[in-house]
Amino acid sequence: MELGLHIADFTFPDGPPALADDLVTIAQTAEAKGFAKISVMDHLWQIGPVGPVDTDMLEAYTALGYLAAVTEKVDLLAWVTATVYREPGLLAKAVTTLDVLSKGRAYLGIGAAWNEEECVGLGLPFPSTAERFERLEETLQICLQMWGDDQGPYDGTHYKLGSTLNVPQPLRRPHPPILIGGSGEKKTLRMVAQYAQACNLFGGPDVEHKLNVLRGHCETLGTDYDAIEKTVMFPLDPGADGAGVDELLGQLKALADLGISHVHGWVPNVAAITPLEILGDRVVPVIADW
């Protein structure tokens with residue numbers, strides 16, 4: 001099992017003037033301590049579960065490009081890209097650029113989008129739930145076509161591309177791994193089985209059930225269930241001076257026993273760095289054998 005760091009809050013103690021330096025310290029510490037992935041949210045305003053709407057937030061792919069320049073080993077992704085925020089051709093190009101400039105460390109994390117408030121506020125499209133999922137599937141098809149050998153047109157219901165030329169191609173072949181966020185049983189997990197190399201679930205009592213649903217979709221579509229990376233978004237809180245490490249290890253072991261191979265989450269007070277160091281010293285080496 002591996003850990004990943006989700007940077008969801010950019011409101012650091014020294015404010016925006018020091019944000020770039022703080023972000024470098026956080027990312028480089030996480031990498032040095034054995035975290036396998038670093039992600040940022042694809043939001044333009046802060047979301048309620050994390051903090052007030054007017055606290056600091058960075059645009060995802062600009063931030064990831066910056067992180068690519070200051071790290072060497074960790075995989076980088078938006079957890080997860082909101083499908084309707086970017087046209088698919090531009091998104092495929094952005095992920096390609098991230099992959100080339102990170103020397104092959106990009107993932108495409110993607111979902112159907114949900115934050116109507118920021119879409120209305122900033123003039124971004126926010127169609128119905130059904131249409132957002134249709135657009136998600138077409139976006140996946142376009143990305144895969146752009147990352148493949150077919151440079152021809154794409155003619156979908158919502159997107160029409162005259163050519164899917166994409167030069168240079170990603171360094172990671174056959175393409176950057178695709179992680180689809182969400183646990184909807186009829187649409188999301190079916191798309192994981194059909195298009196993705198990783199799923200993302202939320203920790204809770206239904207994880208085992210969701211994995212069984214995914215297994216069923218894989219059987220129907222002829223996909224190798226075991227080849228799909230099973231990830232869970234889960235808070236990574238070691239507690240003050242590591243007081244919560246044993247409890248956290250118990251929670252992670254329960255997820256590992258279900259087949260979860262990557263646990264990705266936000267770390268409280270991450271800018272203080274000590275929580276990252278505790279996780280790296282006392283959690284990462286233990287779970288590596290699970």
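Which residues of helix H9 (residues 274-282) are buried? Pro275, Leu276, Ile278, Leu279 and Gly280. Buried here means under 20% relative accessible area, exposed over 50%, partly exposed in between, with a 1.4 Å probe and protein chains only. The cover over those H9 residues includes S1, H1, helix H8 (245-257) and helix H10 (284-287). Contact means heavy atoms within 4.5 Å.

Some ground rules. This is a predicted model, where local features need pLDDT of at least 70 and side-chain atom pairs count only at pLDDT 80 or more, while totals for chains, interfaces and linings use all residues. Residues are numbered from 1 along each chain as its sequence is written, and side-chain values use heavy atoms, with hydrogens and water left out. Helices (H or I, at least four residues) and strands (E, at least two) are DSSP runs, numbered from the N terminus.

Now the sheet. Nine strands form an open sheet, with parallel pairing, in the order S3-S2-S1-S11-S10-S9-S8-S5-S4. At the edges sit strand S3 (75-78) and strand S4 (81-82), each pairing on one side only. Two strands pair if DSSP finds at least two bridges between them. S9 (residues 198-202) and S10 (residues 229-233) run parallel and are joined by five bridges. Phe202 stands opposite Met233 in S10.

Next, helices on the sheet. H1 (residues 19-32) packs on it, touching strand S1 (2-7) and strand S2 (37-40). The direction of H1 makes about 170° with that of S1. H6 (residues 188-195) lies across strand S8 (178-181) and S9, at about 175° to S8. Axes are lines fitted to C-alpha atoms, for helices over the stretch in contact, and angles run from 0 to 180 degrees between N-to-C directions.

Cysteines. How many disulfides are there? Zero, by the rule used: a pair of cysteine sulfur atoms within 2.5 Å. Cys199 is buried, at 0% relative accessibility. Cys218 is buried too, with a relative accessible area of 1%.

Last, the largest pocket. Its volume is about 810 Å³, meaning the space filled by probe spheres set on the points, which are joined across faces, edges and corners. A pocket is an open set of points on a 1 Å grid over the protein atoms alone, where a 1.4 Å probe fits, with protein on both sides within 12 Å along at least five of seven lines; lining residues have an atom within 4 Å of a point. Of the 36 lining residues, the closest to the centre are His6, Met41, Ile47, Trp79 and Met233. S1, S4 and S9 each supply at least two lining residues. S1 gives the most, with three.
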